[in-house]
Amino acid sequence: MPAIIDRGADLSLTILSDNTASPPLQGEHGFSVLLEVNSTSVLFDTGMGAIHSNAIILGIDLSKIKSIILSHGHYDHTDALSSVLLISPTTSVYASHSIFIDHYSMKTGTTRKIGLSEENKLTLSTMKPDQLHLFSGKTDLLDGKISLLEHIPRIDPLEIPSPLLFSDASSTTADLFPDELVLWFNTTKGLVVLTGCCHAGIRNTCEMVKELAPGFPLYAIIGGFHLAGVSEERLENTAVYFENENISVVIPCHCTGRKETLWLENRLCSRVTKGFCGMKRTFKII
């Protein structure tokens with residue numbers, strides 16, 4: 001039976017995997033966030049594996065997760081998928097219909113595959129039809145309170161594809177991430193947007209959310225912004241956008257970049273709080 005979520009219920013986000021952590025929590029090059037509302041838990045990305053020990057420390061039972069959402073197919077967002085499903089075998093998985101596509105990187109100087117592991121491909125491909133939800137365009141979860149959109153259009157001229165990420169093993173075709181999705185929900189203070197890596201660009205992503213949720217202001221942006229190594233012009237473009245949209249809560253995580261996160265903190269002051277494992281934020285949804 002679908003979960004019935006009351007208007008005004010508290011929805012909490014807890015970061016379980018991120019590059020930044022303080023002992024006893026474990027950091028890793030990965031990202032995962034637990035969303036909890038009423039007695040229902042949804043996992044957004046799985047990270048590489050630190051979520052298992054971090055969940056125990058934080059008193060979170062991963063076996064009770066109702067759904068897993070995959071923001072895109074990179075290993076640092078999906079490697080722990082099979083291990084989580086082993087302890088929660090009835091959990092549903094939501095992902096773009098393009099989740100099985102390959103991804104490659106030249107960041108180390110040679111081409112390497114960075115998409116779904118073969119184990120996770122097998123896990124997904126052998127799931128029951130009522131457990132695996134591959135979708136195109138937009139879909140909703142939790143009684144329509146959480147929305148997902150995949151294949152985010154690229155409009156902003158500064159938010160160009162990474163020069164080191166490719167969709168082919170010969171590293172000749174830029175990766176446009178048709179499998180990438182964004183999650184959002186509406187609260188009493190406005191829209192909260194949760195991103196995995198935001199390869200399509202933070203402005204492009206937020207503008208698409210605004211188009212699909214007209215009349216509601218952006219309130220919070222949380223997740224990886226994929227700003228590491230970008231130009232200061234693009235950073236300023238991003239900061240101006242946050243200011244113009246009057247976004248009150250900006251929580252950069254994972255792939256945003258250390259220097260770039262510090263730049264945003266200095267530029268936007270109290271709007272920005274760096275994300276870390278164990279961080280928890282609670283919102284009242286409408």
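**The cavity and what surrounds it**

Modeller: The largest cavity has a volume of about 40 Å³. Keep in mind that this is a predicted model.

Biologist: How many cavities of 30 Å³ or more does the structure hold?
Modeller: The cut-off for this count is 30 Å³, and the volume of the largest cavity is about 40 Å³. The number of cavities in the structure that reach the cut-off is one.

Biologist: Which strands each supply at least two residues of the lining of the largest cavity?
Modeller: The lining consists of Leu13, Ile15, Val33, Ile222, Ile251, Met279, Lys280 and Arg281. Strand β1 covers residues 10–17, and strand β16 covers residues 280–284. The strands that each give at least two lining residues are β1 and β16.

Biologist: How many residues of that lining are charged?
Modeller: Lysine and arginine count as charged, and Lys280 and Arg281 are among the lining residues. The lining has six nonpolar residues and no polar ones. The charged residues number two.

Biologist: Why is strand β2 described as largely enclosed by the rest of the structure?
Modeller: A residue counts as buried when its relative accessible area is under 20%. Strand β2 runs over residues 32–37 and is largely enclosed because, of its six residues, the number buried is five.

Biologist: Over how many bridges do β1 and β2 pair?
Modeller: Strands can pair in a parallel or an antiparallel way, through backbone hydrogen bonds. For β1 and β2 the sense is antiparallel, and leucine 13 stands opposite leucine 35 in β2. The bridges between β1 and β2 number six.

Biologist: Which residue takes a positive phi in the hairpin of β2 and β3?
Modeller: Strands β2 and β3 run antiparallel and are joined by five bridges, with valine 33 opposite phenylalanine 44 in β3. Two residues lie between the strands of this hairpin. The residue with a positive phi, near 55°, is asparagine 38.

Biologist: Is the pairing of β3 and β4 parallel or antiparallel?
Modeller: Strand β4 (residues 65–69) is largely enclosed by the rest of the structure, since four of its five residues are buried. Valine 42 stands opposite serine 67 in β4. Four bridges join β3 and β4, and the sense of the pairing is parallel.

Biologist: Which strands are the edge strands of the open sheet of three strands?
Modeller: The order in this sheet is β7-β6-β11, with antiparallel pairing. Strand β6 (residues 104–105) pairs with β11 over two bridges, and serine 105 has leucine 165 in β11 as its bridge partner. An edge strand here pairs on one side only, and the two that do so are β7 (112–113) and β11 (165–166).

Biologist: Is threonine 205 buried or exposed?
Modeller: Threonine 205 is found in helix α5 (residues 202–212). Leaving aside neighbours within four places in sequence, threonine 205 is in contact with Ile152, Val182, Thr195, Cys198 and Ala200. Because its relative accessibility is 1%, threonine 205 counts as buried.

Biologist: Which elements do the buried residues of α5 pack against?
Modeller: The buried residues of α5 are Ile202, Asn204, Thr205, Cys206, Met208 and Val209. Their packing partners are β10 (146–150), β12, β13 (190–195), β14 (218–224) and α6 (232–244).

Biologist: What is the C-alpha to C-alpha separation in space of proline 252 and glycine 223?
Modeller: Proline 252 lies in strand β15 (residues 249–253) and is buried, with a relative accessible area of 0%. Not counting residues up to four places away in sequence, proline 252 touches Gly223, Phe225, Thr261, Val272, Thr273, Lys274 and Gly275. Proline 252 and glycine 223 are 29 residues apart in sequence, and their C-alpha atoms are separated by 5.5 Å.

**Aromatic pairs**

Biologist: How many aromatic pairs are there?
Modeller: Two rings pair if their centres lie within 6.5 Å. By this rule the number of aromatic pairs is three.

Biologist: What is the geometry of the pair formed by phenylalanine 185 and phenylalanine 283?
Modeller: Phenylalanine 185 belongs to strand β12 (residues 181–187) and phenylalanine 283 to strand β16, 98 residues apart. Both phenylalanine 185 and phenylalanine 283 are buried. Their ring centres are 5.9 Å apart and the planes make an angle of 65°. Planes over 60 degrees apart have a name of their own, so the pair is edge-to-face.

Biologist: Which residues do ring pairs link into a cluster?
Modeller: Phenylalanine 185 and phenylalanine 283 form an aromatic pair. With a tyrosine included, the cluster linked by ring pairs is Phe185, Tyr219 and Phe283.

Terms used:
Residues numbered from 1 in each chain as written. Predicted model: local features only at pLDDT ≥ 70, side-chain atom pairs only at ≥ 80, totals over all residues. Heavy atoms only, no water. Phe/Tyr/Trp six-rings, centres within 6.5 Å; stacked < 30°, edge-to-face > 60°. Buried < 20%, exposed > 50% of the residue type's maximum accessible area, 1.4 Å probe, protein only. Pairing = 2+ DSSP bridges. Contact = heavy atoms within 4.5 Å. 1 Å grid on protein atoms, 1.4 Å probe; cavity = no way out; pocket = protein on both sides within 12 Å on 5 of 7 lines; lining within 4 Å. Points joined across faces, edges and corners; volume = space filled by probe spheres on them.
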